[in-house]
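Reader: I have just opened this one and would like to walk through it slowly. Could you show it to me, please?

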Amino acid sequence: PSDLSDVIGEYAQGGASDVQAAVSAAAAAFPAWSTSGIQARSDALDKIGTEILARKAELGELLAREEGKTLPEAIGEVGRAGQIFKFFAGECLRLSGETVPSVRPGIAVEITREPIGVVGLITPWNFPIAIPAWKIAPALAFGNCVVLKPADLVPGSAWALADIIHRSGIPAGVFNLVMGPGRVIGEALVNHADVAAISFTGSVGVGRGIAAACVASGKKVQLEMGGKNPQIVLDDADLAQAVELSAQSGFYSTGQRCTASSRLIVTDKIYPAFIEALQERMARIKVGDARAAGTDMGPVVSQAQLEQDLSYVEIAKAEGARLAAGGARVACHTGSGKQGYYMAPTLFVDTEAGMRINREEVFGPVASVIRVKDYEEALAVSNDTPFGLSAGIATTSLKHATHFKRHSQAGMVMVNLPTAGVDYHVPFGGRKGSSYGPREQGRYAQEFYTTVKTAYTLA
Ligand code: NDP
């Protein structure tokens with residue numbers, strides 16, 4: 001938060017027995033909910049979406065106050081959550097199957113999708129309303145029952161969302177919230193025999209452990225994890241546009257987005273002008289109270305995250321990277337939230353692709369620049385990463401933009417747009433260390449939240 005003394009509320013921390021009770025309630029509700037009919041499900045999701053949208057200013061205020069992203073960003077996130085529920089209110093009416101001829105005469109074959117059962121959803125703090133929404137909405141739309149374990153840093157946002165879902169008319173037990181530490185609540189959920197699937201968003205380390213546990217017990221699993229997203233800037237780019245989108249996706253939301261661009265890969269000729277213009281743009285980013293007018297960047301989410309961000313500043317310096325902007329904790333420049341963990345937007349130049357600052361996710365307002373000679377080298381460097389979530393290119397060349405869209409090893413590719421900032425009705429996800437399992441969101445969400453049945457009938 002912007003002000004560490006600001007008490008938002010007091011929320012219960014559950015234990016393993018609460019996970020047991022929640023899973024039992026979800027399992028008991030599943031037979032009726034999974035066969036309840038799509039109109040009832042659609043109506044409930046539409047009602048949830050309508051209330052979220054109607055209250056987006058108030059919920060955005062809560063989110064900004066609790067998590068620390070700026071008020072416009074927070075209201076935008078809440079709006080997105082509302083739209084997601086609306087989208088899946090329609091999507092559950094559009095579920096279809098196939099009828100295909102059998103290779104054996106006189107037999108009919110039908111392929112349908114069915115709900116998978118009780119799903120456990122484990123979510124991070126950086127999008128405390130939108131990420132739960134994009135897991136809960138498809139889970140419910142396709143007839144599953146849910147136990148949500150939100151991040152421990154953001155119980156207020158999770159509680160507000162659960163309250164809206166609770167009043168939507170869905171039967172008791174269909175949706176359950178258990179708050180508390182990941183090591184207790186998350187692990188109990190992952191290890192529960194009656195949970196059929198786990199959808200997780202968070203760090204790579206936790207995600208890999210969850211995947212191993214799910215595979216061992218035969219659970220379906222979906223992971224969205226970190227990124228080290230590249231933003232290429234070619235000599236032929238529109239300089240002002242390239243600077244703006246690099247600043248937006250590098251530093252806005254305090255760099256705490258899995259789609260933030262933290263590696264700026266810039267070709268030789270435009271390099272000096274780009275660095276100068278980006279430094280000038282960064283100097284205009286106002287760091288301050290998340291709720292104050294004029295704030296561009298709120299505080300870092302927690303002391304632990306600030307310590308991680310600052311430790312990477314030291315790591316980069318020790319590796320020989322040159323600090324070109326920021327690099328330290330700063331005072332709050334706007335509003336009254338004086339005590340938060342504010343950090344200056346930070347830029348390193350003269351970095352090499354193999355440095356830790358270019359290989360490991362910082363998850364803060366820190367970007368580094370890698371100088372390359374041409375598009376081919378830029379493409380190779382952009383793909384030289386253990387991650388593959390989002391990748392951007394700034395260019396006026398159709399040839400290079402087209403080639404990049406095909407050859408970037410990322411799940412999402414942006415041409416002359418920031419790497420962060422995506423639509424809610426199309427698939428979201430990445431490759432390599434960034435994601436595992438089916439995509440989230442849009443029509444593709446049904447891959448995870450349904451299971452396929454093939455039925456044969458003798459005519
Ligand atoms: P963590 O992985 O620490 O936590 C994510 C969730 O997992 C939290 O709810 C956490 O609970 C829970 N958890 C922690 N330990 C366990 C465990 N052993 N078993 C089960 N659950 C556990 O990530 P952060 O919350 O710190 O989020 C930041 C990370 O998330 C970044 O690395 C970022 O890249 C990634 N992220 C990825 C996104 C994507 O879509 N690709 C989107 C947003 C973030 P608790 O809060 O109690 O610790």
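Reader: Is the crossing in which helix 2 passes helix 4 left-handed or right-handed?

Author: Helix 2 passes helix 4 in a left-handed crossing, where left-handed means that the near helix is turned anticlockwise from the far one by less than a right angle, and right-handed means clockwise. Please keep in mind that this is a predicted model, in which local features need pLDDT of at least 70 and side-chain atom pairs count only at pLDDT 80 or more, while totals for chains, interfaces and linings use all residues. Residues are numbered from 1 along each chain as its sequence is written, and side-chain values use heavy atoms, with hydrogens and water left out.

Reader: At what angle do helix 2 and helix 4 pack?

Author: Helix 2 (residues 38-54) and helix 4 pack at about 160°, with their axes 8 Å apart. They are therefore roughly antiparallel, a label for angles over 145 degrees. Helices here are DSSP runs of H or I with at least four residues, and strands are E runs of at least two, numbered from the N terminus. Axes are lines fitted to C-alpha atoms, for helices over the stretch in contact, and angles run from 0 to 180 degrees between N-to-C directions.

Reader: And how do the axes of helix 3 and helix 4 cross?

Author: The axes of helix 3 (residues 56-67) and helix 4 (residues 71-91) come within 8 Å and cross at roughly 125°, and the two helices are therefore oblique to each other, the label left over once angles under 35 degrees (roughly parallel), over 145 (roughly antiparallel) and 65 to 115 (roughly perpendicular) are set aside. That crossing is right-handed.

Reader: Which residues make the contact?

Author: On helix 3 they include L59, G60 and L63, and on helix 4 they include L71, A74 and V78, with contact meaning heavy atoms within 4.5 Å.

Reader: Changing topic, how many disulfides does a search of the whole structure find?

Author: The search finds zero disulfides, a disulfide being a pair of cysteine sulfur atoms within 2.5 Å. The sulfur of C145 is 14 Å from the closest cysteine sulfur, in C92, which is too far for a bond.

Reader: Is S382 buried or exposed?

Author: S382, which lies in helix 13 (residues 375-383), counts as buried because its relative accessibility is 3%; buried means under 20% relative accessible area, exposed over 50%, and partly exposed in between, using a 1.4 Å probe and protein chains only. Leaving aside neighbours within four places in sequence, S382 is in contact with P230, I232, R263, I265 and F404.
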